[in-house]
Every structure is written in structure tokens, then in C-alpha cells.
Amino acid sequence: MKNLLLIFSVLLNTSLYAQIGPDGTGTVNGYSIGPGANLSNVNLPNANLEGANLSGADLSDAFLSFANLEGADLTGADLSGANLRFARLSDADLSSANLSGADFTLAKLRFADLSGANLYGADLRDADLFGAIWTNVVSQSDYDAVVAERDAALAAQASA
């Protein structure tokens with residue numbers, strides 16, 4: 001009976017403290033989730049942020065390892081130095097986000113929109129980038145710049 005009560009308590013706490021509404025806002029582990037949120041240095045490993053609206057949010061140096069950010073709106077967000085190892089970001093919108101120094105080792109970025117994202121120093125080692133969008137291809141020079149930035153980040157990681 002004690003184990004059943006413990007399991008019920010964990011499930012109740014999880015459902016109460018991990019609520020993302022249809023508009024992409026809510027509360028996760030006591031942190032307010034929404035556009036422009038200040039989540040710098042936040043510690044949310046394994047957090048379920050699926051469909052969250054974190055556009056323009058400050059997630060610099062956040063610990064989001066194993067987090068579910070599938071379909072999240074991270075446009076213009078600051079993810080510099082964030083730990084996103086093993087995170088799930090499929091279909092996430094990271095366009096114009098600052099990803100400099102972020103660690104995406106073994107992260108799933110399938111079909112994520114990385115258009116205009118700052119990838120300087122980002123660790124994309126073994127990241128699943130199948131179908132990722134690198135640019136909206138406004139012009140060939142924009143596309144070339146983004147690809148060159150990505151290639152430089154990968155080359156820097158390979159030589160480290």
C-alpha cells in the first residue's frame with residue numbers, strides 16, 4: 001500500500017508541476033514557461049516541454065539533457081552554453097536562436113528549423129539532423145553562410 005501511495009504521489013506531482021497548455025505556456029517544476037521567459041541556468045533534465053512556446057526565452061547555460069522539446073517554439077531563444085545532450089527537438093523551431101556553445105550530443109533535431117541560428121561552437125556531434133532545415137534560402141549567400149557556419153562548428157568539434 002505504501003508503494004502504491006508513493007507512485008500515486010509521484011504521478012500527481014508530475015501532472016501538477018508539468019503543465020504546458022495548448023498555447024505553449026504553463027509551469028514545469030515551478031518554472032514559468034512562455035515567450036521571453038528567463039530560464040538562464042535552469043535545471044530541467046528529462047522535462048517534458050513538448051510544444052512549449054519559448055520564443056525569445058533566455059535558456060543560456062540551461063541543463064536540458066534528455067528533455068522533450070519536440071515541436072517547441074524556440075525562435076530567437078538564447079540557448080548559448082545549454083546542455084541539450086540526448087534532448088528531443090524534432091519539429092522544433094530554432095530559427096534565429098543563439099546556439100553558440102550549446103551541446104547537442106546525440107540530440108534529435110529531426111525536421112527542426114535551424115534557419116539563421118547562430119551555431120558558432122555548437123556541439124552537434126552525433127546529433128540526428130535528418131531533414132533539419134538550415135535556412136529559408138532567401139538567397140544563396142545566406143544558405144552558404146549557414147552551411148559554412150555549421151561546417152566550421154563540426155570541424156572544430158572533430159579536431160578537439
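**A tour of side-chain pairs in the loop between S3 and H2**

Begin by selecting Arg85 and Asp103, which form a salt bridge whose closest N and O atoms are 2.5 Å apart. Both residues lie in the loop between S3 and H2, so the pair ties together parts that are 18 residues apart in sequence. Please note that the model on the screen is predicted.

Next, consider how each partner meets the surface. Arg85 has a relative accessibility of 36% and therefore counts as partly exposed. Asp103 counts as buried because its relative accessibility is 12%, and buried means under 20%.

Side chains of opposite charge can pair when their charged atoms come close. How many salt bridges are there by this rule? The count comes to four, and two further examples follow.

Select Arg110 and Asp128. These residues form a salt bridge, with 2.6 Å between the closest N and O atoms. The pair links distant parts of the chain, 18 residues apart, with Arg110 and Asp128 each in the loop between S3 and H2. Arg110, at 31% relative accessibility, counts as partly exposed, and Asp128, at 22%, also counts as partly exposed.

Now move to Arg125 and Asp123, another salt bridge, in which the closest N and O atoms are 2.6 Å apart. Is Asp123 buried or exposed? Asp123 is buried, with a relative accessible area of 8%, whereas Arg125 is partly exposed at 38%.

The tour now turns to aromatic rings. A pair of aromatic rings is described by the distance of the centres and the angle of the planes. The structure holds two aromatic pairs. Select Phe66 and Phe86: their ring centres are 4.7 Å apart and their planes stand at 0°, so the pair is stacked. Phe66 and Phe86 are 20 residues apart, and both are in the loop between S3 and H2. Phe66 is partly exposed, with a relative accessible area of 42%, and Phe86 is partly exposed, with 36%.

For contrast, select Phe111 and Phe130. The ring centres of Phe111 and Phe130 are 5.5 Å apart and the planes are at 90°, so this pair is edge-to-face. Phe111 and Phe130 both lie in the loop between S3 and H2, so the pair ties together parts 19 residues apart in sequence. Phe111 is partly exposed, with a relative accessible area of 42%.

Together, Phe66, Phe86 and Leu106 form a nonpolar patch on the surface, with about 270 Å² of accessible area. To place Phe66 in the chain, look between strand S3 (31-33) and helix H2 (140-159), where its loop lies.

Note on methods: Residues numbered from 1 in each chain as written. Predicted model: local features only at pLDDT ≥ 70, side-chain atom pairs only at ≥ 80, totals over all residues. Heavy atoms only, no water. Patch = residues over 30% accessible without salt bridge, like charges linked within 9 Å, V, L, I, M, F, W, Y side chains within 5 Å. Areas by Shrake-Rupley, 256 points an atom, 1.4 Å probe, with all protein chains shown as cover. Helix = DSSP H or I, 4+ residues; strand = E, 2+ residues; numbered from the N terminus. Buried < 20%, exposed > 50% of the residue type's maximum accessible area, 1.4 Å probe, protein only. Phe/Tyr/Trp six-rings, centres within 6.5 Å; stacked < 30°, edge-to-face > 60°.
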